[in-house]
Amino acid sequence: QAYGKLACFRVEPEKQENYQVHPLEVYPVGSFNFFYRSLDLEFRRIKPDIIWVYMDPLGFMMHQVLLYRKLYAPQAKVVSCTHRNTPTPLHRFDLRWRYSLGLRTIDAFSAGTQETINLLRTEGVTHPILHAEAIGVDEQHWHPGEEPELKKALGLGDFVVGFVGRHEFAKGLPDLISALEGLAGEWSFLS
């Protein structure tokens with residue numbers, strides 16, 4: 001696969017007395033669209049009560065979840081986890097329709113920031129919104145360390161600023177570059 005796996009970590013299946021976690025594989029379809037393979041079969045088999053989707057209302061896989069929920073698990077509640085905090089220009093009719101349908105049919109949202117909550121409310125969301133900031137670092141997985149060989153191989157200086165995200169205006173890349181231009185001393189930018 002050209003894109004690899006979507007998640008930065010792998011959720012392992014887990015079965016306890018009072019709950020079960022059943023992760024599903026996600027596959028790329030074009031640019032920034034993904035789908036779940038065999039989701040319809042899993043919904044028929046599992047009949048979930050709550051479906052947590054790490055995708056905003058516009059995403060293709062969100063609509064795949066909403067369709068299969070309607071067909072195979074109508075009792076299930078769908079929670080959309082989103083961190084989008086700027087309005088998305090929707091120039092095409094099909095995108096506006098898909099986004100509006102998602103906002104109306106998702107049962108609850110998990111928002112990463114107060115800005116996300118404000119944006120969802122201004123877009124007309126009346127469903128519950130959970131404020132769930134992702135704060136913290138898994139120190140067992142991520143730990144500081146010097147990588148002088150890698151820095152040298154990449155031609156980077158001592159002070160490195162990294163950007164991880166899509167190269168688009170909404171992600172704040174122009175603001176970051178503008179701020180970097182005001183830095184004194186030598187620095188490297190990695191994206």
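The following paragraphs treat the chain as a whole, then a sheet, its helices and some single residues.

The structure is a predicted model, in which local features need pLDDT of at least 70 and side-chain atom pairs count only at pLDDT 80 or more, while totals for chains, interfaces and linings use all residues. Residues are numbered from 1 along each chain as its sequence is written, and side-chain values use heavy atoms, with hydrogens and water left out.

**The chain as a whole**

Six helices and 10 strands make up the secondary structure of the chain. These elements are DSSP runs numbered from the N terminus, helices being H or I of at least four residues and strands E of at least two. Of the 191 residues in the chain, 29% are buried. Buried means under 20% relative accessible area, exposed over 50%, and partly exposed in between, with a 1.4 Å probe and protein chains only. Among contacts between residues at least 6 apart in sequence, 56% join residues at least 24 apart; a contact means heavy atoms within 4.5 Å.

**The parallel sheet**

In general, strands of a sheet pair through backbone hydrogen bonds, either parallel or antiparallel. Here, four strands in the order β5-β6-β7-β8 form an open sheet with parallel pairing. Strands β5 and β8 stand at the edges with a single partner strand each, so one side of each has no neighbour in the sheet. On average, neighbouring strands of this sheet are turned by 20° against each other, direction ignored. Two strands count as paired if DSSP finds at least two bridges between them. The table lists the pairings.

| Strand pair | Sense | Bridges |
|---|---|---|
| β5 (residues 50-53) and β6 (residues 77-82) | parallel | four bridges |
| β6 and β7 | parallel | four bridges |
| β7 (residues 108-111) and β8 | parallel | three bridges |

Individual bridge partners can be followed across the sheet. Valine 53 is partnered by serine 80 in β6, and cysteine 81 by serine 110 in β7. In β8, phenylalanine 109 has isoleucine 129 as its bridge partner, and alanine 111 has histidine 131.

Strand β5 has Ile51 and Val53 on a covered face, and Ile50 and Trp52 on an uncovered one. In β7 both faces are covered, with Ala108 and Ser110 buried on one side and Phe109 and Ala111 buried on the other.

**Helices that link the strands**

From β5 the chain crosses through helix α2 (residues 60-72) to β6, in a right-handed β-α-β crossover. A crossover is right-handed if, with the strands pointing away from the viewer, the path from the first strand over the helix to the second runs clockwise. A right-handed β-α-β unit is likewise made by β6, helix α3 (residues 93-105) and β7. The crossover from β7 through α4 to β8 is right-handed.

Because tyrosine 68 and tyrosine 72 are four residues apart in helix α2, about one helical turn separates them.

Buried residues of α1 are Leu39, Asp40, Glu42 and Phe43. These residues cover an arc of only 165° around the axis, which puts them on the same side of α1; the arc is that of the directions from the helix axis to the C-beta atoms. Lysine 47 lies in the loop between α1 (39-46) and β5. Although it is not a glycine, lysine 47 has a positive phi of about 50°. Its relative accessibility is 42%, so lysine 47 counts as partly exposed.

**Valine 125**

Valine 125 is in the loop between α4 (114-122) and β8 (129-131). Its relative accessible area is 4%, so valine 125 is buried. Apart from neighbours within four places in sequence, valine 125 is in contact with Leu103, Phe109 and Leu120. The C-alpha atoms of valine 125 and arginine 104 are separated by 7.4 Å, although these residues are 21 residues apart along the chain.

Note on methods. Axes are lines fitted to C-alpha atoms, for helices over the stretch in contact, and angles run from 0 to 180 degrees between N-to-C directions.
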